[in-house]
Structure formats: structure tokens, C-alpha cells
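Subject: Structure for your review

Dear colleague,

Please find below a structure that I am handing over to you.

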Amino acid sequence: TVPAYLELARQRDGSRTVQEDRRGTVTMEEMLARAAAAAEGLRKVGVQPGQRVGLIADNSRDWIVSDVAIQLVRAASVPRGTDTPIEELAFLLAHAEAGVVLVHDAEHARALEAIRDRVPTMGEIFTIDPADAPGRTLEDLVELGKDGPGYPEQAAAVMPDDIATIIYTSGTTGRPKGVVLTQSNFGHQVAIVPGLVHMDAEEVFLSILPPWHSFERTAEYAAFTAGSKICYTDRRRFKEDLLKYRPTFMASVPRLWETVHQGVQRAVERGSPLRRGLF
């Protein structure tokens, strides 16, 4: 299971820095302790094994904390990004029969409240970013569960056949369809990917893609279990962070590099005739 592989990485060197962003750095021990506390918090608000938990959020160091917490409860995450149209969110949360929902920020928490009547199973909404939160937050879940079982104990209870997530397709060819992935689906990838690409604890991974996609999520799981450090960026800061973090690994898609290429071309076109000629 993913939690079991993360526990092996913690045992190897829990004091290793595995996350970095503009707020600072986080060690493997700190990240997993926070996930374990959040998991116990989820149990205390009524989340049971097998239930669906909405995770409507973008990339951040707390996304993986929320994701692992849901796995530790043996619940199934129903993830999506904040750019998802509200009509689509209402459909997929209702279709998955999601209960508790973790959401990126206050703006999107209020948007979900507005569709509550269309998602009969929706429970309490917890905001990951605590700023201006209209209700309780991820930090409240961590505080609620801080005296619960530790990470190793919780990770050992997760089974390979447990449903880890239900990822909905984009809906470009009709109604979104939920793809059910188990712990063993991800576990197989985590077992082989680091060896295939020679990923180890010295790597620096730059994370920019939506983490709810199976590609980015698999890459991040593999990086964490290898003991690599993940640095978080976004499209606005991408070029700046390439220089700042000097990553050795990054999961990417063609559209990302098309955007970089277009930026270079625009810069050249604004230059002098000599500069354009030299380029």
C-alpha cells in the first residue's frame, strides 16, 4: 500500500526534508505525523472505511497530507481541481456519494455550500487553507486527532484491496466516469517507478501538475517513497522556480512546455532586429 511504502521511507530517514515551498521545509516525519493526526480527526467527525471523501484542491504540500489522511482512514478520495466547473463538481460528488469534503480555500468552500442541496450525502466541508475559512479547517482536523494512534500503527491497518481513490474523467466525451483505483494499483507503480528512472533520496522533484491526476500523483508517491524532496510551484512561478530549486525530476505534459516556448518567442519578438537575428 502507499502508506506502507511511506512508512518504509520514514523508517529509513524520517528527518530527511521531503517538502519545500515558500512557507519553508517539512521532513518526512513531520508530514506523516500531520497526516496521521488528520486521519484520526476524520474518524472523530464520522468518516468510516469505504466511505467517499471529496478532495477539491490544487497542488500544495497539504494536498498530500489530506490525501494520505484519507487513505489511513481506509476511505476513498474523490479528487478534483478548483478549476472544475461547479456543475461538474455537483455531479461527481453526488454520483460518488461523497460525505465529508476537504476543499482548497474559503472561496471554493462557499461555492460548495451553494450546491449542498444537489449533493444529498455531503457532510461537513473542511478548508485546507485556513485564511478566511467559513468553517472548520484541515488544521482543526489535525488538532482534533493529535492524540490518536501514530502513523506506523495506522499505516499497518491499510489493506492492498482498499479503494484508494475514485478519479473522474474530464467529461469531454460525455458525463464524467469514475475510475476506481485500489491501494495495490498505486503500490505496484511505487514499487517499480523509482528503479526504472533511477530516482533516489538525492533527487529534487518540482511539482506543478494537478495532483489529483494519476500521473502526477504516482510520480509524487514514487518521489516520497524514494526519499526525494518535492518542491511546489505553479505556472506563474514556474520559470523562477526552475532556477531556484534546480530540480532533477519533474512530471510534465506538452502543454506546459508549449507555454514556456510561447513566452520565449514573445520575448524575442519584442527585442531588437539584431537580437531577433542572433536568436
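Which residues of α2 are buried? The buried residues of α2 are M28, M31, L32, A35, A36, A37, A38, A39, E40, G41 and L42. Here, buried means under 20% relative accessible area, exposed means over 50%, and partly exposed lies in between (1.4 Å probe, protein chains only). Helices (H or I, at least four residues) and strands (E, at least two) are DSSP runs, numbered from the N terminus.

Please note that this is a predicted model, in which local features need pLDDT of at least 70 and side-chain atom pairs count only at pLDDT 80 or more, while totals for chains, interfaces and linings use all residues. Residues are numbered from 1 along each chain as its sequence is written, and side-chain values use heavy atoms, with hydrogens and water left out.

Helix α2 and what follows

Helix α2 covers residues 28–44. Its 17 residues, at 1.5 Å a residue, should span 24 Å, and the end C-alpha atoms are 24 Å apart, which agrees. The expected span is 1.5 Å times one less than the number of residues. After α2 comes G46, which has a positive phi near 105 degrees.

Helix pairs

Helix α3 (residues 61–72) and helix α9 (residues 214–226) have axes that come within 12 Å and cross at roughly 85 degrees. The two helices are therefore roughly perpendicular. Axes are lines fitted to C-alpha atoms, for helices over the stretch in contact, and angles run from 0 to 180 degrees between N-to-C directions. Angles under 35 degrees count as roughly parallel, over 145 as roughly antiparallel, 65 to 115 as roughly perpendicular and the rest as oblique.

On the α3 side, W63, I64, D67 and Q71 meet R217, Y221 and F224 of α9; contact means heavy atoms within 4.5 Å. This contact has 4 nonpolar, 1 polar and 2 charged residues. In this classification, Ala, Val, Leu, Ile, Met, Phe, Trp, Tyr, Cys and Pro count as nonpolar, Asp, Glu, Lys and Arg as charged, and the others, Gly among them, as polar.

The axes of α1 and helix α8 (residues 183–196) come within 8 Å and cross at roughly 35 degrees. There, V2, P3 and Y5 of α1 meet Q183, F186, G187, V190 and A191 of α8, a contact with 6 nonpolar, 2 polar and no charged residues.

Salt bridges

Side chains of opposite charge can pair when their charged atoms come close. A salt bridge is a side-chain nitrogen of Lys or Arg within 4 Å of a carboxyl oxygen of Asp or Glu, and the count by this rule is 23. One of them joins R10 and E7 (2.7 Å, N to O). These residues are 3 apart in helix α1 (residues 2–13), so about one helical turn separates them. R10 counts as buried at 18% relative accessibility, and E7 counts as buried at 8%.

R80 and E88 also form a salt bridge (2.1 Å, N to O), and both are buried. Another links E143 and K146 (2.6 Å, N to O), where E143 is partly exposed at 46% relative accessibility. Shared partners join D21, R23, R34, R61, D62 and E139 into one network of salt bridges.

A residue in a strand

T182 lies in strand β8 (residues 178–182) and counts as buried at 17% relative accessibility. T182 and I163 are 19 residues apart in sequence, yet 4.2 Å apart in space, C-alpha to C-alpha.

Yours sincerely,
A colleague
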